[in-house]
Amino acid sequence: ADANAMGCVYIAGGTCQAAFDKAIKMEIITREVCLSATHDISITSIGGKRFIVLEHAPHPSWHLVMGREPKAVRIFKETMCTLNGMRCYCAGRNGISACVDEALGDLAQLVAARATARTFVTELLYGRPTGRFLKKHAHLRFMDAHVPEVQSLLRKWHGRSVLHSILTCGRLYTDLVSHDPALERWYGELGDKFVT
């Protein structure tokens, strides 16, 4: 094996991400360069050893815990394809974007659209189009904010000053379109007292 080759690390789920973030804050691990903001891939190092890391991905058992819900299964597939793309990059076969997009295949456009939509959502929530969510909102990374109908609903509820409540209440964010009629009904009855 090549002593200079980088290993691939998958930060799997919230607990592992919290430990990784703490190690960076404590300067045990150094994040050297972001290779792909779209996919949350960076090069990091510890004790002089460099490795490529995929952050903010769900735990590999998450799709099972979710009862193999189609969206959870798709996100699991995206994560595994992204890891395969990282392996391609580490083998020196291509640049990170080309490797990951090739590994994602038909899912590449969806992943890119969702990443772009994250800037839209962070603008609404925080007033800054960073595309990076606060830790308590990390679950919103996978919402379908790239869908025009969902964006319209996000704007509507933001205008009524209740978007934050809706996005942080259980799993409403996973299907705003189907929950909107019930949210409208409750908002109509409660008005300013509306809290999810």
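The model is a predicted one, so local features need pLDDT of at least 70 and side-chain atom pairs count only at pLDDT 80 or more, while totals for chains, interfaces and linings use all residues. Numbering runs from 1 along each chain as its sequence is written, and side-chain values use heavy atoms, with hydrogens and water left out.

The 19 residues of α5 (residues 108–126) should span 27 Å at 1.5 Å a residue, and the end C-alpha atoms agree, being 27 Å apart. The expected span is 1.5 Å times one less than the number of residues. Among the buried residues of α5 are Ala108, Val111, Arg114, Phe120, Val121, Leu124 and Tyr126; buried means under 20% relative accessible area, exposed over 50% and partly exposed in between, with a 1.4 Å probe and protein chains only. The cover over the buried residues of α5 includes α3 (70–90), α4 (96–104), α6 (148–159) and α7 (163–167). After α5 comes Gly127, with a positive phi near 80°.

Helix α3 has 21 residues, and its first and last C-alpha atoms are 30 Å apart, close to the 30 Å expected at 1.5 Å a residue. Its buried residues include Lys71, Ile75, Glu78, Thr82, Leu83, Met86 and Cys88. These are covered by elements including β1 (7–12), β3 (41–46), β4 (49–57), α2 (62–65), α4 and α5. Gly92, which follows α3, also has a positive phi, here near 75°.

Neighbours within four places in sequence aside, Arg114 is in contact (heavy atoms within 4.5 Å) with Arg74, Glu78, Arg141, Phe142, Met143 and His146.

As for the cysteines, the structure holds one disulfide, meaning a pair of cysteine sulfur atoms within 2.5 Å. The sulfur atoms of Cys88 and Cys99 are 2.3 Å apart, and the link is left-handed, with -55° about the S-S bond. Cys88 is in helix α3 and Cys99 in helix α4, so the pair ties together parts that are eleven residues apart in sequence. Cys88 is buried at 9% relative accessibility, and Cys99 is buried at 2%. The sulfur of Cys8 is 3.5 Å from that of Cys90, the closest cysteine sulfur, which is too far for a bond.

Finally, the whole structure has one cavity of 30 Å³ or more. On a 1 Å grid over the protein atoms alone, a cavity is a set of points where a 1.4 Å probe fits but cannot get out, and lining residues have an atom within 4 Å of a point. The largest cavity holds about 170 Å³ of space, a volume being the space filled by probe spheres set on grid points joined across faces, edges and corners. Its lining counts 16 residues, with His39, Glu78, Thr82, Arg141 and Phe142 nearest the centre. At least two lining residues come from each of β4, α3 and α5.

How values were computed
Helices (H or I, at least four residues) and strands (E, at least two) are DSSP runs, numbered from the N terminus. On a 1 Å grid over the protein atoms alone, a cavity is a set of points where a 1.4 Å probe fits but cannot get out, and a pocket is an open set with protein on both sides within 12 Å along at least five of seven lines; lining residues have an atom within 4 Å of a point.
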